[in-house]
Amino acid sequence: MKRNTRQFSPRSGLAGLLMLTVACVASYAAHTPDPFTVTIAGSLQDELGCPGDWQPACAATRLNYDADDDVWQAVFSMPAGSWEYKVPLNDSWTENYGAGAVQDGPNIPLSVAAPVDVKFYYDHETHWATDDVNSIIATAAGSFQSEMGCTGDWQPWCLRSWLQDPDRDGVYSFRTRRIPAGSYEGKVAIDEGWDENYGAGGAPGGANIPFTVPADCVEMLFEFDSATKLLTVAPVPAPAEPGSVTIAGSFQQELGCPGDWQSDCAATHLTFDAEDTVWQETFSIPAGGWEYKAALNDSWDENYGANAQRDGPNIGMTLGAPTQVKFYYDHRTHWIADDVNATIATVAGSFQSELGCSGDWQPWCLRSWLQDPEGDGFYGATAILPAGSFEAKVAHNESWIENYGEGGAPDGANIPFTVPVACSTVSFVYDATTHQLTITAEGDNCPGIENPDQTDTDGDGAGDACDDDDDNDGVTDPVDGDPTDPNVCRDLDADTCDDCTLTGADGSGGNTVDDGDDGDADGLCDAGDELFLSVAQLQIVQTVLYPQRVYHDDPPGPGGIVPAFPNELPGTTNLDALDVIDPDTYKFSVTSSAFIFGSGGFLILSPANVYMRDAGGAITVDLDWSAEGINLSSLNALDMIDANTYLFSVDSAQVVLDGTGAARVLYPSRVYIFDRTTRAIEELLDASVLGMANVDGIDLLPDGRVALSAAAQGIVSLPGGVMLVHPARVYISDPCASGPDLIEAYDGPSTRLLRIDGMTMIVPEAGPGGEPTQACPP
């Protein structure tokens, strides 16, 4: 949630962080991270559905964050009465704001004479919490709003240009640097609409108010006087410089003053440097111990001492020999310093001309002066810069003789940084002990690394350019199978399932125990387990498969379903397909494997072989595809037609082997006969004639006809014709017609067979001899 000019604090406790000359201290400066929750907590909560009052964690009175407005807000139906409230953040009183946008401030009163809907607001940039009873909700609407992040211009409901009055003096205002140089117009709108608005001269519904932004990143001030209804828009004026600055102290008499501690002695006046915007002068100070302060306007009425404090303590200085001492005073920060007590450091780089310096890489330009009012050895400054990529170094004593680059190395490499959004705040912090310079640009997700695209794959706030785990799966990029996919990292247990399949993007590095479904609980994921049983349910013909038991519809008709096996099949936690070979033989498919259960045991399909598993658990090879000369490296389905005939599929094709050595092969839309002896292929069936562009399944029925399926539909070739199965209705091609015309044969809901997962194969009623009851006329 970024809006206007948020001031960054790159180091905890760095109270002396400074604004550079071009960046006056911003009034909008959230000093804490964006909250997760914002609550209206007070004496009104019990009436609004909370179990009690003054409860910061009550969800019933939470505000909602509006990303378009960048403001937290909500409407509550308030009963008549007098109430008080505050705004706690993150369901706690640890950080809360009261009247005047003051942290831990006084309660905000609210009185309503009758039941009314009250809208509450909280802006984390300014910490102002208010409501539309206590305050006028005024926005500056105009041709500039899209530049501030609104979805368009002239939007009175967009609170990114919300005029605020925390001190309740009747003047509502906001500041922004987001408006590029140019000419614009605006008005004041009340209550997020145009019903009440004020234009030029404060007139209701008056003319638009024109204004000009003289240059990019100039801070503009919008002020609305609620009494006169006048809106003024102008650049924020620069702080007025004092008339004079005097170094007044115990050495003044030695410098030509008639006495010491004289605030009006011209002999120790500093000189204002308009290019640096800093007061400075060099004096020859004798050896000895001395003290001094800075007095403004030849008077002690306003003076600054140690730590930039007004009326603060004297600044001590000890010299072992006569010394040329240069003194500095910055009226924006009130820091008074000298080059004996302090390091005079500047951030010199490719950005300085943007600050008003006459050029870049100028160590003598004090518009990028790093300051340390606290005297703790950390020197800081901030600047408002345009979008772009820049470089910088730290220079001492306004020259290149002593300078530090990357890693604090003397004469080291330039330090790159990126400003992702125009007019963003950039913070510079220099550690005088390690000589390292830290640069933090508002919105830059990789400080110190040039990364204009700001890509952040895992959204953790660290850009890919500086994040050693771009997808946050817990495996570093150099060894990650796919550094930008959180579900791909590595396979430590070599079970062919990536460890991050199910546990990616949680920083765990994956989980070999939980890296995919393990239907038979043997410790291997299904994708890499040749003997795997998995999840689903499907019903084919007159047998229904449930996750752990097999049932028959016997006798046919409602209520006739009985278990085919009294006990759960060993190891079959979940299955995904079932077919009946004969009364004692059942075939189960389990994703990329298949089991055939009969009196002889189990047949198991693996990628290149079919195995027999007998009742004792022994596994022997029943059929080796390569030994048959088929040269198939991978299979994906298996069916058993009779003792000598197998039906299997390979990717999008399927083959039927039988005892004669011939094979039927199904391609996406055609079925072929494949003679293994002659290697000849001839077409058996063109499925496209039946309106099927692609076929994804094949089966052989006892009468030798072919059953085909395509996605969620199925075609069955029977003596009575071809049935096309849809999710709810069954159609049959008229065998007496000259073409494949389809007529409705069954209404799915009225048929006696169950339908599971959108696929049902239905065998029509037949006559005593097994022939269909319907016959073509002669």
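Why does C357 count as buried? C357 counts as buried because its relative accessibility is 6%, where buried means under 20% relative accessible area, exposed over 50% and partly exposed in between (1.4 Å probe, protein chains only). The model is predicted: local features need pLDDT of at least 70 and side-chain atom pairs count only at pLDDT 80 or more, while totals for chains, interfaces and linings use all residues. Residues are numbered from 1 along each chain as its sequence is written, and side-chain values use heavy atoms, with hydrogens and water left out.

**Figure 1. The chain as a whole.** Of its 778 residues, 49% count as buried. Contacts (heavy atoms within 4.5 Å) between residues at least 6 apart in sequence join residues at least 24 apart in 50% of cases.

**Figure 2. The disulfide of C357 and C365.** The sulfur atoms of C357 and C365 lie 2.0 Å apart and form a disulfide, that is, a pair of cysteine sulfur atoms within 2.5 Å. By this rule the count comes to six disulfides. The link of C357 and C365 is left-handed, with -85° about the S-S bond. C365 has a relative accessible area of 0% and is therefore buried.

**Figure 3. Two further disulfides.** C50 is joined to C58 by a disulfide with an S to S distance of 2.0 Å. This disulfide is left-handed because the torsion about the S-S bond of C50 and C58 is about -100°. C50 is buried, at 4% relative accessibility, and C58 is buried as well, at 8%. Another disulfide joins C150 to C158, again with S to S 2.0 Å. Its torsion about the S-S bond is about -90°, so the disulfide of C150 and C158 is left-handed. Both C150 and C158 are buried.

Figure 4. D131 belongs to strand β8, which covers residues 128-131. D131 is buried yet has no salt bridge, a term for a side-chain nitrogen of Lys or Arg within 4 Å of a carboxyl oxygen of Asp or Glu. The nearest side chain of opposite charge is R168, 7.1 Å away; Lys and Arg count as positive and Asp and Glu as negative, whereas His and the chain ends are not counted. A polar atom of the D131 side chain lies 2.9 Å from the backbone nitrogen of V133. The D131 side chain also reaches the backbone nitrogen of N134, at 2.6 Å. Not counting residues up to four places away in sequence, D131 touches several residues, including Y85, L110, F120 and I137.

**Figure 5. The surroundings of D498.** D498 is placed in the loop between β32 (437-441) and β33 (539-540). D498 is buried yet has no salt bridge, and R490, the nearest side chain of opposite charge, is 7.5 Å away. A polar atom of the D498 side chain lies 2.8 Å from the backbone nitrogen of C489. Residues up to four places away in sequence aside, D498 touches N487, V488, C489, R490 and D515.

**Figure 6. Strand β28 and its partners.** Strand β28 (residues 388-396) pairs with strand β25 (residues 345-349) in the antiparallel sense over five bridges; two strands pair if DSSP finds at least two bridges between them. In this pair, T346 has A395 of β28 as its bridge partner. β28 also pairs in the antiparallel sense with strand β30 (residues 415-419), over five bridges, and here S389 stands opposite T418 in β30. Two bridges join β28 to strand β29 (residues 403-404), again antiparallel. The bridge partner of V394 in β29 is Y404. In a regular strand the side chains alternate between the two faces of the sheet.

**Figure 7. Positive phi angles in loops.** β28 and β29 form a hairpin with six residues between them, and N397 in the turn has a positive phi of about 55°. E398 is found in the loop between β28 and β29. Although E398 is not a glycine, its phi is positive, at about 60°. E398 is buried, with a relative accessible area of 17%. A308 is located in the loop between β21 (303-304) and β22 (315-319). A308 likewise has a positive phi of about 60° without being a glycine. At 16% relative accessibility, A308 counts as buried.

Key. Helix = DSSP H or I, 4+ residues; strand = E, 2+ residues; numbered from the N terminus. Polar contact = N/O pair within 3.5 Å; in protein donor to acceptor, adjacent residues only side chain to side chain.
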